[in-house]
Amino acid sequence: MVESRCGILCSECEYREQMGCAGCIHIDKPFWGEGCPLKTCSEEKKLEHCGQCENFPCDMLNQFAYDEKQGDDGKRITQCRSWKNLG
């Protein structure tokens, strides 16, 4: 089951419950800011997640995945690949 546009597993997010977040697929605006460029990009292209994009993994996704402070060392990219292979 796809949980996010970028491959983050929302079910593992420590903020999900306390912020009342239903996951980016089910909300208009993320709790952490005005918007998410990855969510916007996927939705504008009418994709369920980044892994379905012809440019996957793009520079923007790589930047988020390997960000020094908030990245996950590419875990979200691997997750998008997994979702793509299930589809």
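Modeller: Before we start, some terms: buried means under 20% relative accessible area, exposed means over 50%, and partly exposed is in between, with a 1.4 Å probe and protein chains only. This is a predicted model, where local features need pLDDT of at least 70 and side-chain atom pairs count only at pLDDT 80 or more, while totals for chains, interfaces and linings use all residues. Residues are numbered from 1 along each chain as its sequence is written, and side-chain values use heavy atoms, with hydrogens and water left out.

Colleague: Fine. Is E12 buried or exposed?

Modeller: E12 is exposed, at 52% relative accessible area.

Colleague: And which residue does E12 form a salt bridge with?

Modeller: K75, with the closest N and O atoms 3.1 Å apart. The cut-off for a salt bridge is a side-chain nitrogen of Lys or Arg within 4 Å of a carboxyl oxygen of Asp or Glu. This pair links distant parts of the chain: E12 is in the segment before α1 and K75 in helix α4, 63 residues apart. K75 is partly exposed, at 47%. On naming, helices are DSSP runs of H or I with at least four residues, strands are E runs of at least two, and numbering goes from the N terminus.

Colleague: How many salt bridges does the whole structure have?

Modeller: The search finds five. One of them joins E43 and R5 through their side chains, at 3.2 Å from N to O. E43 sits in helix α2 and R5 in the segment before α1, 38 residues apart, so to speak a link between distant parts of the chain.

Colleague: What accessibility does R5 have?

Modeller: R5 is at 11%, which counts as buried. E43 is at 33%, which counts as partly exposed.

Colleague: What about R76, which residue does its side chain meet?

Modeller: D72, in a salt bridge at 3.1 Å, N to O. R76 is buried at 5%, and D72 is partly exposed at 24%. There is also a network: salt bridges with shared partners join R5, K39 and E43.

Colleague: K39 again. Which residues are buried in α2?

Modeller: L38, K39 and S42. Looking down the axis of α2, these buried residues fall within an arc of 100 degrees, so they line one face of the helix. The arc is taken over the directions from the helix axis to the C-beta atoms. In general, an α-helix has 3.6 residues a turn, so residues three or four places apart point the same way.

Colleague: What covers those buried residues of α2?

Modeller: The cover includes α3, residues 59-65. After α2 comes K46, whose phi is positive, near 60 degrees.

Colleague: Switching to aromatics. How many pairs turn up?

Modeller: Two, from a search of the whole structure. Y15 and F31 have ring centres 6.4 Å apart and planes at 50 degrees, so that pair is tilted. Y15 lies in the segment before α1 (16-19) and F31 in the loop between α1 and α2 (37-44), so the pair ties together parts 16 residues apart in sequence. F31 and W32 have centres 5.1 Å apart and planes at 90 degrees, so that pair is edge-to-face.

Colleague: What cut-offs decide that?

Modeller: Rings of Phe, Tyr and Trp (its six-membered ring) pair if their centres lie within 6.5 Å; planes under 30 degrees apart are stacked, over 60 edge-to-face, and the rest tilted. Y15, F31 and W32 form one aromatic cluster. Y15 is partly exposed at 41%, and F31 is partly exposed at 33%.

Colleague: Pockets next. How much space lies in the largest pocket?

Modeller: About 860 Å³. On a 1 Å grid over the protein atoms alone, a pocket is an open set of points where a 1.4 Å probe fits, with protein on both sides within 12 Å along at least five of seven lines; lining residues have an atom within 4 Å of a point. Grid points are joined across faces, edges and corners, and the volume is the space filled by probe spheres set on them.

Colleague: Which residues lie nearest the centre of the largest pocket?

Modeller: I8, C13, W32, Q70 and R76, out of 30 lining residues. The elements giving two or more residues to the lining are α2 and α4.

Colleague: Where does Q70 lie?

Modeller: In the loop between α3 and α4. Q70 is exposed, at 67%. Leaving aside neighbours within four places in sequence, Q70 is in contact (heavy atoms within 4.5 Å) with F64 and R76.

Colleague: Last one: is Q79 buried or exposed?

Modeller: Q79 is buried, at 18%. Q79 lies in helix α4, residues 75-86. Beyond neighbours within four places in sequence, Q79 is in contact with G7 and L9.
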